[in-house]
Amino acid sequence: MQPFEMVMNPKQVFLSVLIFGVAGLLLFMYLQVWIEEQHTGRVEKRREQKVTSGWGPMKYLQPVPRIKPQVSHA
């Protein structure tokens, strides 16, 4: 069979895109759960924390040490 004879019809293209899309979505969901488990230790712990406190923890707003410029009074 010559390479130019291998043409996918629209039904095959649709099914291929659909299958790869579903597989990608499942992989993304699995990785998201895995990353959350790495950060919190358990998914249930994070879910309880979201339910009990209206807002999630804001770890990114912790103060950072600053280097103050030294002003010379001459």
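Reply:
**The annotated span**

Residues 12-35 are 100% helix and 0% strand, and their end C-alpha atoms lie 34 Å apart; helices are DSSP runs of H or I with at least four residues, strands runs of E with at least two, numbered from the N terminus. The model is predicted, with local features needing pLDDT of at least 70, side-chain atom pairs pLDDT 80 or more, and totals using all residues. Residues are numbered from 1 along each chain, and side-chain values use heavy atoms, without hydrogens and water.

An unreviewed UniProt entry annotates residues 12-35 as "transmembrane region"; such annotations may be inferred rather than shown by experiment.

Leu18 belongs to helix α1 (residues 10-40) and counts as partly exposed because its relative accessibility is 42%, where buried means under 20%, exposed over 50% and partly exposed in between (1.4 Å probe, protein chains only). Across the protein, which has two helices and zero strands, buried residues make up 3% of the 74 residues.
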